Amino acid sequence: MKERVQKFGRFLSGMVMPNIGAFIAWGLIAALFIEVGWFPNATIAQMVTPMLSYLLPILIAYTGGKMVGGQKGAVTGALAALGAIASTESTMFIGAMICGPLGGWCIKKFDEKMEGHIPAGFEMVVNNFSVGIIGGILAVLSIFAIGPTCVVLTNWLGNGVGWLVEHGLLPLTAVLVEPAKVLFLNNAINHGVFTPIGTEQVEALRAMGEVGKSILYMIESNPGPGLGLLLAYCVAGKGETRSSAGAAAIIQFVGGIHEIYFPYVLMNPIVILGPMIGNVCGIFTLNLLGGGLSGPASPGSIIAELMLTPKGSYVANIAGIAVACAVSFAISVFLLKLFGKDASLEEAQAQVAASKAASKGQTAPAETSTGVDVNMKAVRKIVFACDAGMGSSAMGATMVRNKLKDAGITDIEVIHYPVSEIPGDCQIVVTHHELSGRAAQRAPQARIIPIKNFMGAPEYDVLVKELLDARSGTAAPVPAAAPAAEPAPAASGAILLEKQNIVLGCKPVTPEEAIKACGKLMMDSGYCTEGYVQGMIERNAGFPVAIGSHVAIPHGTNESREFIQKTGLVVMTYPEGIVWGEDEELVRLVIGIASTGEEHLDILNRIVEICETEEDTDALVDTATVEELYQKLNGLK
């Protein structure tokens, strides 16, 4: 039951989350430029209603359709949603959440029925007309059925929220929200339920000439309850939890990463009462003083909360956050002193990682392989696949190649490719667990081994052992394939890492800022133009470039390689570390790559050798000089 709820919640939030930027843009434009905003401007304010009525619902429907039926499903879902939008003057968020996936499902089923029956040369005609016809039919259905039904449902939900407000019961929603956050249902609740209803409230208020705001935007995103809990650990925690809680509090409050306090709850589950009661008091304060935001705050940081606070609501919102923090702190300190136990933060973090993976429909990387079963005796080609095939997969391939060589297995070729270009003759594909679905589609004949990171994954040793066990029962020697090709050395005299591109002792920044810093060095050295740097940012957004062992290797997408001017690398060390990506991996060594070919693989191989474990990387970052890194990574000593 829990898995089904998480799956449904994932799907709801999955339609809204990618479009939160558009919601924020709408909220900011409205807060600044409508008649009661900070800088009234009738011309700019004309965008507010079309964004709400058309842009946001169509974006939601487009995303929902794409989740189910790919690009064709996205267009079909958007067409279907237009019918629902045209049927009423109400904002059609719920209609979009129905029409988008419905359009994707219909086009997916049509494609399944037509597979193998389309004459050669007619694919484009069939594809385009199927989207147009099915989308048109669904739009007509929506205007007469789905739209009117959603109006009734929206009114019912709005009346329900109104009833909670009128009877002073809205604060009790925190009793459900806080435990749900720890189960990683926060995005589903916030963006699947509160955001659509809150947006309806905001528009209704603006239609009456009032300041558009909603408390619903703050129920889940309020950073006060989590801050209070972490500050309580600073006072009443023990050992590692006490020493780490201060930094976690800053990340949670300023960065908006609420997940960072979930391990502290799991260590002492009773302390959930602190954030829960704190949020109840915070919502009560907001309701009493008339607080609320003009749009959804994502992430839930104090910066986002203040930016989306409309004119006249700063006192109420700050009070709501402060009260939530104070009450959460007081109750959490009391509970920690009375019931607190010296639990393991590391074990709690592992629990959080498992819960987060489950909430996304993922399995722990070390537990399963997917795809088909293969005869391990017959394996001759292993492919490492990442999004671009330039960095992380190359390093993973090097590690397994070395392990196979140490084990005496020389008849297996280990190569790396982008996930979109996996060759059809491989028997095993090793890839990041977030790419395993794409890998299985590209290589249906292969066994897919999902991993969490490309450096030091435990699956490597398991794979090598399986291959050894399979060969130990072989009576006759297996004919050897051509030896795995080693990366060609850089051209004589070619130095890919210059001393001026080695920067030590950098201060902690966000992952995106670290990528931009690498990109600036690359551009200054003539390795690439700005388009490649943007590709690096997009690459990390879609697939984090932290590869384990405290190492990250920012590099661009396949599409951005056209902006590379010549091969080169940059190295930056961050002694205090960077918390990188949703998995909150610690990164201390950042290596930016721009490569026109395979010249950079020598340096990546050396990085594998000197950064095989977290301890190796830490020692390198803590002690290495510019000269030492220059010599080691360029293979000069």
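Student: What should I know about the basis of the values?

Tutor: The model is predicted, so local features need pLDDT of at least 70 and side-chain atom pairs count only at pLDDT 80 or more, while totals for chains, interfaces and linings use all residues. Residues are numbered from 1 along each chain as its sequence is written, and side-chain values use heavy atoms, with hydrogens and water left out.

Student: What is the mean pLDDT of the protein chain?

Tutor: pLDDT is the predictor's confidence in each residue, from 0 to 100. Here the chain mean is 79, and 81% of residues reach 70 or more. Over residues 360-369 the pLDDT is below 50, yet this stretch has 20 contacts beyond near neighbours in sequence; a contact means heavy atoms within 4.5 Å. Residues 474-493 also have pLDDT below 50, with 21 such contacts in the model.

Student: How many disulfides does a search of the whole structure find?

Tutor: A disulfide is a pair of cysteine sulfur atoms within 2.5 Å. The search finds zero. For Cys518, the closest cysteine sulfur, in Cys506, is 8.4 Å away, too far for a bond.

Student: Is Cys518 buried or exposed?

Tutor: Buried means under 20% relative accessible area, exposed over 50%, and partly exposed in between (1.4 Å probe, protein chains only). Cys518 counts as buried because its relative accessibility is 0%; Cys325, at 13%, also counts as buried.

Student: Which residues are buried in helix H24?

Tutor: Helices are DSSP runs (H or I, at least four residues), numbered from the N terminus. In H24, residues 626-633, the buried residues are Leu629, Tyr630, Gln631 and Leu633. Gly635 follows H24 and has a positive phi, near 70 degrees.

Technical notes
Helices (H or I, at least four residues) and strands (E, at least two) are DSSP runs, numbered from the N terminus.
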